[in-house]
Amino acid sequence: MDTLNAAIISAIGWMLGLAFLGIGIGLGLMGARVAEAVGRNPETKNDVIHATLTVAMIAAVLLLILLAIAFVLLYFNPILI
């Protein structure tokens, strides 16, 4: 039973770690492209910023849903019952 608990906790840790790493890299690349786009064409700044913030909010919501799923797996895991 301890081995199963350790495997589940390790898998959840890997899942959250890779998700946060992916979101961080993705938002960083997106920010670099936004800065490049606004630098090339400053008059489209508002449109680019609004689209970028929409995508960032969607990514944040999905990350919060993943965090909720991870806590459900940690505390209400049907395998351990």
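I started with alanine 59, which counts as buried because its relative accessibility is 15%. My cut-offs are under 20% relative accessible area for buried, over 50% for exposed and partly exposed in between (1.4 Å probe, protein chains only). Alanine 59 lies in helix H2. Helices here are DSSP runs (H or I, at least four residues), numbered from the N terminus.

A note on the source: this is a predicted model, where local features need pLDDT of at least 70, side-chain atom pairs count only at pLDDT 80 or more, and totals for chains, interfaces and linings use all residues. Residues are numbered from 1 along each chain as its sequence is written, and side-chain values use heavy atoms, with hydrogens and water left out.

Next I checked the helix lengths. The expected span is 1.5 Å times one less than the number of residues. H2 covers residues 45-75, 31 residues in total. From first C-alpha to last, H2 reaches 45 Å, close to the expected 45 Å. H1 has 39 residues and should span 57 Å; its end C-alpha atoms are 57 Å apart, which agrees.

Which residues of H1 are buried? I found Ile8, Ile12, Leu16, Ala19 and Val34. They pack against H2. In H2 I listed Thr52, Ala59, Leu63, Leu66 and Ala70 as buried. These pack against helix H1 (2-40). Contact means heavy atoms within 4.5 Å.

Then I looked up the geometry of the pair. H1 and H2 pack at an angle of about 175°, with their axes 11 Å apart. That makes H1 roughly antiparallel to H2, a label for angles over 145 degrees. By class, the contact of H1 with H2 has 23 nonpolar, one polar and one charged residues.

I also looked for the largest nonpolar core. A nonpolar core is a set of buried Ala, Val, Leu, Ile, Met, Phe, Trp, Tyr and Cys residues joined through side-chain atoms within 4.5 Å. The largest has seven residues: Ile8, Ile12, Leu16, Ala19, Leu63, Leu66 and Ala70. H1 gives the most to this core, with four residues.

Is threonine 44 buried, partly exposed or exposed? It is partly exposed, with a relative accessible area of 27%. I placed threonine 44 in the loop between H1 and H2.

Last, I noted two C-alpha to C-alpha distances. Threonine 44 and threonine 54 are ten residues apart in sequence and 16 Å apart in space. Alanine 59 and valine 34 are 25 residues apart in sequence and 16 Å apart in space.

Note on methods. Helices (H or I, at least four residues) and strands (E, at least two) are DSSP runs, numbered from the N terminus. Axes are lines fitted to C-alpha atoms, for helices over the stretch in contact, and angles run from 0 to 180 degrees between N-to-C directions. Angles under 35 degrees count as roughly parallel, over 145 as roughly antiparallel, 65 to 115 as roughly perpendicular and the rest as oblique. Ala, Val, Leu, Ile, Met, Phe, Trp, Tyr, Cys and Pro count as nonpolar, Asp, Glu, Lys and Arg as charged, and the others, Gly among them, as polar.
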